[in-house]
Amino acid sequence: MERDVAKFADGSVLVRLGDTHVLCTAKSVDGVPGWRRGSGSGWLTAEYSMLPAATSDRTPREAVRGKQGGRTMEIQRLIGRSLRAVVDLGSLGERTIYLDCDVLQADGGTRTASISGAYAALVMALEKLQPAARWPRLPLFEDVAAVSVGVVDGEARLDLDYEEDAAASLDMNVVMTGEGRLVEVQATAEGEPFPRETLDRLLDLAAAGAGRIAAVQRATIAGAGDTAPEGGAGGDVAPEGAAGEGAR
């Protein structure tokens, strides 16, 4: 992760996980949506987009097409839910924090990279707001990170790239707090059903990956410069047997 890459954002991070690169920014604005006015509480929302040349085939901008696709809406709602789960909205006052995640290059795991980067950008934005808001501490309950896992050729793997994801018999996105609590789990068997034991082992693998990402988040927020998980996350394989019986 590289911090402070967008001059006018309140917080910004460039996330690189393998060949997936996502620019995440956080910006605070006065006011909240109409349905929240007068509540004294704030709001946090996310927007997600992919640059036309982020993949091998050019994807037209959704603004040109005139509407967002279902995938885009689903991902930005996931990002928003994941971050709201750890933010004390009541302490924000009537302000909205916008998290913008723009995929510069995609090779799998863009939604999980967006969540992890957006959290780091959010913390930086809250630190910038803290003197004026006079918070004794940042309005955060916990930290949060996200990672993809899956089963490819019978092996449990961490942070799937595009080819691994396409070949996976099971893929799963996990959003997890620093305390190891789950915010969201999205799991799909691409073929035959998988046993409960496989789910448990993949969650353990995801927890290890999320812990490594959380360490990078902390270092980035602290201003340690361009940081990366020790050894890199992409394509890691679980210990032998981690996929369990019937994982194919």
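In the predicted model, helix α2 comprises the 15 residues 70-84. Eight positions of α2, namely T72, I75, Q76, L78, I79, G80, S82 and L83, are buried. Helix α2 lies across strands β4 and β5, and its direction makes an angle of about 145 degrees with that of β4.

R71 also belongs to helix α2. When neighbours within four places in sequence are set aside, the contacts of R71 are with Y48, M50, T110 and R111. Of these residues, Y48 and M50 fall within the range of β4, residues 43-50, while T110 and R111 fall within that of helix α3, residues 110-133. Between R71 and A146 there are 75 residues of sequence separation, and their C-alpha atoms are 18 Å apart in space.

Five strands make up an open sheet of mixed pairing, in the order β1-β2-β3-β5-β4. Its edges are formed by β1 (2-3) and β4 (43-50), each of which pairs on one side only. Within the sheet, β3 (residues 20-30) and β5 (residues 95-105) are antiparallel and are joined by ten bridges. In this pairing, D30 is placed opposite R95 of β5.

Helix α3, which covers residues 110-133, contains T112. With a relative accessible area of 2%, T112 lies under the 20% limit and is therefore buried. Apart from neighbours within four places in sequence, T112 is in contact with A146, V147, S148 and N173. Among these partners, A146, V147 and S148 fall within the range of strand β6, residues 144-152, and N173 falls within that of strand β8, residues 170-177.

Strand β6 runs antiparallel to β7 (residues 155-158), and four bridges join the two; G150 has R157 in β7 as its bridge partner. Two residues separate β6 from β7 in this hairpin, and D153 in the turn has a positive phi of about 55 degrees. Strand β8 likewise pairs in the antiparallel sense with β9 (residues 182-189), over seven bridges, and V175 is bridged to E184 in β9. The hairpin of β8 and β9 has four residues between its strands, with G180 in the turn showing a positive phi of about 85 degrees.

At the level of the whole protein chain, five helices and ten strands are present. For 248 residues, a compact globule would have a radius of gyration near 18 Å; the chain has 18 Å, so its value agrees with that of a compact globule. Along the principal axes, the C-alpha atoms fill a box of roughly 55 × 40 × 35 Å. Buried residues account for 47% of the 248 residues. Of the contacts between residues at least 6 apart in sequence, 70% join residues at least 24 apart. The chain exposes about 12,000 Å², of which 48% is supplied by carbon and sulfur atoms.

Key: Residues are numbered from 1 along each chain as its sequence is written. This is a predicted model: local features need pLDDT of at least 70, side-chain atom pairs count only at pLDDT 80 or more; totals for chains, interfaces and linings use all residues. Side-chain values use heavy atoms; hydrogens and water are left out. The expected span of a helix is 1.5 Å times one less than its number of residues. Buried means under 20% relative accessible area, exposed over 50%, partly exposed in between (1.4 Å probe, protein chains only). Two strands pair if DSSP finds at least two bridges between them. Contact means heavy atoms within 4.5 Å. Axes are lines fitted to C-alpha atoms, for helices over the stretch in contact, and angles run from 0 to 180 degrees between N-to-C directions. The radius of gyration is taken over C-alpha atoms; the globule rule is 2.2 Å times the number of residues to the power 0.38. Accessible areas come from the Shrake-Rupley method with a 1.4 Å probe; for residues, only the protein chains shown count as cover.
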